[in-house]
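I opened my notebook to look up a few things in this structure. My entries follow in the order I made them.

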Amino acid sequence: MAAKKKAAAGKKRVAKAKGKKPAAKKNGGVAATPDPKRVVAILSGLDAAYPDATCELKHENAFQLLVSTILSAQCTDVRVNQVTAELYKKYKKPQDFAYASPAELEQEIRPTGFFRNKTKSIMGASKQLVEKFGGAVPRTMEEILTLPGVARKTANVVLGTAYGIASGIVVDTHVIRLSQRLDLTRNTDPKKIEQDLMQVIPKDYWIKFSHQLIWHGRRVCFARKPKCAECNLESICYSKDKTV
Ligand code: SF4
């Protein structure tokens, strides 16, 4: 109850500071379009804090990034990078994974967790790349989504980071949490969150914005005990999870 009152008071404070009423709730609690000035302030703050934010999965090409992103499900980037440092010495191109021994590959990627499913996805995607795309990772959302084990999150990581193609916004656990805390969405489904973000974030920012939110989530805005006192978005954040 006290937290609710605090959040409401925070919203009023921010609205007063901006000379605007707090965003009205529509559609049973789904956020109305956020104030564009507030969105600009969030983007400026992220730019100031993380001007060089980028993907932390080590890779030398789009195919390696695709494999690393599949491996990163439910696993840290640090662990994935440790595994792929050895893996990519042995498997250099899609053909190498496509016709690998599943039992061997499973053991090689075992430290990343969910290794049986990940083996199936990596081998399936690699086979399809060889058989349908001439061994190259496709450059469109439509085509890349036909690869086994590849959903929008992976597709956005690969298209955005490897090719610089802004096809959408990467929505991972950090982006979900932070976009909710910053009231850029009131949805919980990743597809709806991505749609909400694509409505309010200028397309030029889509690639950078997801990296910056992920960096902020890893360094400051933790799931538990966010370091709000060190956050440069604190004055425009009225999340009920705030610790200051
Ligand atoms: S003020 Fe706290 S909750 Fe809000 S974005 Fe910053 S770290 Fe996260």
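In which helix does Ser68 lie? I found Ser68 in helix α3, residues 62–71. Helices here are DSSP runs of H or I with at least four residues, strands are runs of E with at least two, and both are numbered from the N terminus.

Before going on, I noted that this is a predicted model, where local features need pLDDT of at least 70, side-chain atom pairs count only at pLDDT 80 or more, and totals for chains, interfaces and linings use all residues. Residues are numbered from 1 along each chain as its sequence is written, and side-chain values use heavy atoms, with hydrogens and water left out.

**Ser68 again**

Is Ser68 buried or exposed? I looked up its relative accessible area, which is 0%, so Ser68 is buried. Buried means under 20% relative accessible area, exposed means over 50%, and partly exposed lies in between (1.4 Å probe, protein chains only). I then listed what Ser68 touches, leaving out residues up to four places away in sequence: Leu57, Lys58, Val80, Thr84 and Tyr88. A contact means heavy atoms within 4.5 Å.

**The whole chain**

I counted 12 helices and two strands in the protein chain. Along the sequence, the pattern reads α-β-β-α-α-α-α-α-α-α-α-α-α-α. The chain has 244 residues, and 46% of them count as buried. I also checked the contacts with a separation of 6 or more: 59% of them join residues 24 or more positions apart. The chain exposes about 13000 Å², and carbon and sulfur atoms supply 54% of that. Such areas come from the Shrake-Rupley method with a 1.4 Å probe; for residues, only the protein chains shown count as cover.

**Helix α7**

Next I took helix α7, residues 115–132. The expected span is 1.5 Å times one less than the number of residues.

Most residues other than glycine have a negative phi. I looked for exceptions. Gln74 is not a glycine, yet its phi is positive, about 55°. Gln74 is in the loop between α3 and α4 (77–90). Its relative accessibility is 69%, so Gln74 counts as exposed. Asp183 is not a glycine either, and its phi is positive at about 60°. Asp183 sits in the loop between α10 (173–181) and α11 (190–200). At 8% relative accessibility, Asp183 counts as buried.

**Rings**

How many aromatic pairs does the structure hold? I found three. Tyr91 and Phe97 form a stacked pair, 4.5 Å centre to centre, with 15° between the planes. Rings of Phe, Tyr and Trp (its six-membered ring) pair if their centres lie within 6.5 Å; planes under 30 degrees apart are stacked, over 60 edge-to-face, and the rest tilted. Both Tyr91 and Phe97 are buried. Ring pairs link Phe63, Tyr91 and Phe97 into a cluster.

Last, I looked for charges over rings. The charged end of Arg139 sits over the ring of Tyr163, 3.9 Å from its centre. The charged end of Arg219 sits over the ring of Trp215, 4.0 Å from the centre. The rule: NZ of Lys or CZ of Arg is within 6 Å of the ring centre and within 35 degrees of the ring normal.
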